[in-house]
Amino acid sequence: GGHIAAWGLRDESREGASRLVGVVQSDAAAAADGYSTCTRGETAAILVVGEEFLSGLVPERQSSELLRLLEGASLQVKQVRVVENDAEVVAFMIRRLSSVHRFLFILGGVGAGYGDVTPAAVAKAFGTGMQEHPALLDLLLTALPDTPLPRPGAR
């Protein structure tokens, strides 16, 4: 019928039967039987954004380094996903992964280039706007003086 797989959608509006719905329903049934369940545990996911990784032109190494660091902090990473620089796709994956995992780490897509869509995608995923935070930017500029960061009003 009208079912379209979640990964083939730009949003969840036309998905007929989500696996997450089944998980939530099975958790509700288990809870009714006296079992303690949780669909959003103390787990993490990593979302890597960039066509350069999907094409194989650039080897993606950041997630393995982050995995090592998170493992050292006793945080269990359950998923690593690599997606294109498309704000709709990134927002969709942010909604999906953040609904399942308590922590979501996003790598890539945050530079000043035209294809860097992560900030806008995060805002879209959570239905918020974007705004500059001057105090936070000042902290970053002080802590990372040799790192090229956007200056207020430079965009």
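Reply: Happy to! Let's start with Glu 88, which counts as partly exposed at 31% relative accessibility. Here buried means under 20% relative accessible area, exposed means over 50%, and partly exposed lies in between, with a 1.4 Å probe and only protein chains considered. Before going on, please note that this is a predicted model, where local features need pLDDT of at least 70 and side-chain atom pairs count only at pLDDT 80 or more, while totals for chains, interfaces and linings use all residues. Residues are numbered from 1 along each chain as its sequence is written, and side-chain values use heavy atoms, leaving out hydrogens and water.

Glu 88 has a partner: it forms a salt bridge with Lys 124, and their closest N and O atoms are 3.1 Å apart. The term means a side-chain nitrogen of Lys or Arg within 4 Å of a carboxyl oxygen of Asp or Glu. Because Glu 88 sits in helix α4 (residues 87-100) and Lys 124 in helix α5 (residues 118-126), the pair ties together parts that are 36 residues apart in sequence. Helices (H or I, at least four residues) and strands (E, at least two) are DSSP runs, numbered from the N terminus. Lys 124 is itself partly exposed, with a relative accessible area of 42%.

Now stay with α5 for a moment. Its buried residues are Thr 118, Ala 121, Ala 123 and Ala 125. Just after this helix comes Gly 127, with a positive phi of about 70 degrees.

Another of them joins Glu 42 to Arg 102, with the closest N and O atoms 3.2 Å apart. Glu 42 belongs to strand β1 (residues 41-49) and Arg 102 to strand β3 (residues 101-107), so this pair ties together parts that are 60 residues apart in sequence. Glu 42 is exposed, at a relative accessible area of 51%, whereas Arg 102 is partly exposed, at 45%.

There is also a salt bridge between Arg 68 and Glu 65, whose closest N and O atoms are 2.5 Å apart. Both residues lie in helix α3 (residues 62-72), three residues apart, which is about one turn of the helix. Glu 65 is partly exposed, with a relative accessible area of 37%.
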